[in-house]
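Here is a brief report for a reader meeting this structure for the first time. It starts with the whole chain and then turns to single sites.

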Amino acid sequence: QPHILYTEATKNLSRAGTVVVASAGNSSAVDYIVGAPSTADDAISVAASIDGSLFNWQFTASLLTSNGMAPLQVKAIEGPISKPIAEAGDVRGDLVDIGDASTELTEDVKTALKGKVALIVRGKVAFAVKLKRAADAGAIGAVVFNNDSKDPIPMGGDGKVEIPAIMITQAAGLQVQKQMATAPVSVQFKTEKKIEEPQLIDTITDFSSKGPRSEDNLIKPEIAAPGHNIVSAAMG
């Protein structure tokens, strides 16, 4: 059994005078799940936390507006496959709903999208495919909304498009879709506004295992350390 081998190895290292420090694992906040070898008595199990760096709790905001709807600020969550908002400049425009963009867009949709911003729901095909279809149709930007209640993520994948793109929550996307049935909705990608969430400081990341150890309820992990958005020097 692998966990027995890990336990013996950790015990032998500790007897030899070595302090064994191991990750608690990446199984999210699931009760009684902790990764080996950090489950061993002689190991120090470490969870990943969010530190107080400004970029961990102060988020650049984009703005969604429409007649009859209160202005909606959303986190400008970008990814490496789109043009950075900071480089794209003051991009703003009305949204055009193109569904999940899992198939080639029709000529009518391409015509409606030209010079506008694509609203796309997550799912079925890769982010890069969705964004490329929007960009090829003449869209000046894209807003992708999640297909479940989880937090938006930076959109990654193969390739890159030369338009700004952000991902927003499912709730915000559905609100925008509903509003578009009665009035145009416009997005302004670049704003000077910030969305602040100081309550995130010193909390556990959404990926870190939380324990405790399943065999006997022993507290594992014992400690936490910054493990979210860690910035270090680039090579060279």
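Helices (H or I, at least four residues) and strands (E, at least two) are DSSP runs, numbered from the N terminus. On that basis the protein chain has 5 helices and 11 strands. The model is predicted.

**The whole chain**

The C-alpha trace spans about 70 × 40 × 35 Å along its principal axes. The radius of gyration is 22 Å, whereas a compact globule of 236 residues would have one near 18 Å. Of the 236 residues, 38% count as buried. The chain exposes about 13,100 Å², and carbon and sulfur atoms supply 54% of that area.

Take the contacts between residues at least 6 apart in sequence: 69% of them join residues at least 24 apart. Charges come next. The chain has 22 positive and 27 negative charges, and their mean positions are 4 Å apart.

**Two sites**

Serine 38 sits in the loop between β1 (20-23) and β2 (43-49). Is serine 38 buried or exposed? Its relative accessibility is 0%, so serine 38 counts as buried. A polar atom of its side chain lies 3.3 Å from the backbone oxygen of serine 23. Beyond its neighbours within four places in sequence, serine 38 touches Ala22, Ser23, Ala24, Ala43, Ser45 and Lys220.

Alanine 88 belongs to helix α2 (residues 85-88). Buried means under 20% relative accessible area, and exposed means over 50%. Alanine 88 has 24%, so it counts as partly exposed. Leaving aside neighbours within four places in sequence, alanine 88 is in contact with Lys83 and Pro164. Glycine 141 is 53 residues away along the chain, yet the C-alpha atoms of alanine 88 and glycine 141 are separated by 9.6 Å.

The table sets out the two accessibility values.

| Residue | Relative accessibility | Class |
|---|---|---|
| Serine 38 | 0% | Buried |
| Alanine 88 | 24% | Partly exposed |

**Helix α4**

Which residues of helix α4 (residues 127-136) are buried? They are Phe127, Ala128, Lys130, Leu131, Arg133 and Ala134. An α-helix has 3.6 residues a turn, so residues three or four places apart point the same way. The buried residues of α4 have cover that includes α3 (107-113), β6 (117-121), β7 (141-145) and β8 (165-168). Just after α4 comes glycine 138, with a positive phi of about 100 degrees.

Methods. Residues numbered from 1 in each chain as written. Predicted model: local features only at pLDDT ≥ 70, side-chain atom pairs only at ≥ 80, totals over all residues. Heavy atoms only, no water. Rg over C-alpha atoms; globule rule 2.2 N^0.38 Å. Buried < 20%, exposed > 50% of the residue type's maximum accessible area, 1.4 Å probe, protein only. Contact = heavy atoms within 4.5 Å. Areas by Shrake-Rupley, 256 points an atom, 1.4 Å probe, with all protein chains shown as cover. Lys, Arg positive; Asp, Glu negative; His and termini not counted. Charge placed at Lys NZ, Arg CZ, Asp CG, Glu CD. Polar contact = N/O pair within 3.5 Å; in protein donor to acceptor, adjacent residues only side chain to side chain.
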